[in-house]
Amino acid sequence: MSMPPSAEPTLWELHRAVSQLREDLRGDLARLAARLDYVVTEDVYRADQRGVEQRITHLATGFGTLRAEVDQSLERTEQQRREDQAQAMATRRLVFSSFVSPVLLMALQLWLASRGTAS
C-alpha cells in the first residue's frame with residue numbers, strides 16, 4: 001500500500017527511521033574506526049620507506065660484492081684450469097721423451113745393427 005505524496009509520516013515512523021539511521025551510522029563508524037587502526041602518519045610511513053630503501057641499497061651492495069667475489073673465483077678457476085692443462089702437456093712431453101724416445105732409439109740401433117751384420 002503506497003502513501004500519497006502529500007501524506008506526512010507519523011512520529012513513530014520518524015522515530016523508527018532515525019533509530020535505523022543511528023544504527024547504520026554506528027556500524028559505519030565502527031568499520032571506519034577498525035580501518036583507522038591500520039592507518040599510520042605520513043612521518044612514520046616515510047621513515048619506513050627510508051628504512052626499506054636503505055635495506056635495498058645494502059642488499060644491492062652485498063650482491064655487487066658477492067658478484068665480484070664470484071667473478072674472481074671464476075677467474076681463479078679458469079687460471080687453475082689453464083695451469084693444469086699446461087702441466088698435463090708438460091707431463092706428456094716428459095713421458096714421451098723419457099720412455100718412447102729411448103725405445104725408438106733402441107729400435108733404430110737394433111735395426112741399424114742388424115743391417116750392418118747382414119751386409
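I take a helix here to be a DSSP run of H or I with at least four residues, numbered from the N terminus. I note at the start that this is a predicted model.

**Entry 1: overall form**

I counted the elements. The protein has two helices and zero strands. I then checked how spread out the chain is. The radius of gyration is 48 Å, well over the 14 Å that the globule rule gives for 119 residues, so the protein is more spread out than a compact globule. The C-alpha atoms fill roughly 150 × 45 × 20 Å.

**Entry 2: surface**

I asked what share of the residues is buried. It is 1% of the 119 residues. The accessible surface comes to about 11,200 Å². Carbon and sulfur atoms hold 63% of that surface.

**Entry 3: helix α1**

I looked up Leu29. Leu29 sits in helix α1, which covers residues 11-36.

Side chains of opposite charge can pair when their charged atoms come close. Asp28 forms a salt bridge with Arg31, and their closest N and O atoms are 2.3 Å apart. Both residues lie in helix α1, three residues apart, about one turn of the helix. Asp28 is partly exposed at 40% relative accessibility. Arg31 reaches 54% and counts as exposed, because the cut-off for exposed is over 50%.

**Entry 4: helix α2**

I moved on to Arg92. Arg92 is placed in helix α2, residues 42-118. Its relative accessible area is 52%, so Arg92 is exposed. I also checked Arg92 against Arg16. They are 76 residues apart along the chain, and their C-alpha atoms are separated by 106 Å.

How many salt bridges does the structure hold? I found seven. One of them joins Glu42 and Arg46, with closest N and O atoms 2.4 Å apart. Glu42 and Arg46 are four residues apart in helix α2, so about one helical turn separates them. Arg46 is partly exposed, at 47%.

Another joins Glu78 and Arg81, with closest N and O atoms 2.3 Å apart. Glu78 and Arg81 are three residues apart in helix α2, so about one helical turn lies between them. Glu78 is partly exposed at 29%. Arg81 is partly exposed at 38%. Salt bridges with shared partners join Glu75, Glu78, Arg81 and Arg82 into one network.

The protein has 15 positive and 16 negative charges. Their mean positions are 13 Å apart.

Notes
Residues are numbered from 1 along each chain as its sequence is written. This is a predicted model: local features need pLDDT of at least 70, side-chain atom pairs count only at pLDDT 80 or more; totals for chains, interfaces and linings use all residues. Side-chain values use heavy atoms; hydrogens and water are left out. The radius of gyration is taken over C-alpha atoms; the globule rule is 2.2 Å times the number of residues to the power 0.38. Buried means under 20% relative accessible area, exposed over 50%, partly exposed in between (1.4 Å probe, protein chains only). Accessible areas come from the Shrake-Rupley method with a 1.4 Å probe; for residues, only the protein chains shown count as cover. Lys and Arg count as positive and Asp and Glu as negative; His and the chain ends are not counted. The place of a charge is taken as NZ of Lys, CZ of Arg, CG of Asp or CD of Glu. A salt bridge is a side-chain nitrogen of Lys or Arg within 4 Å of a carboxyl oxygen of Asp or Glu.
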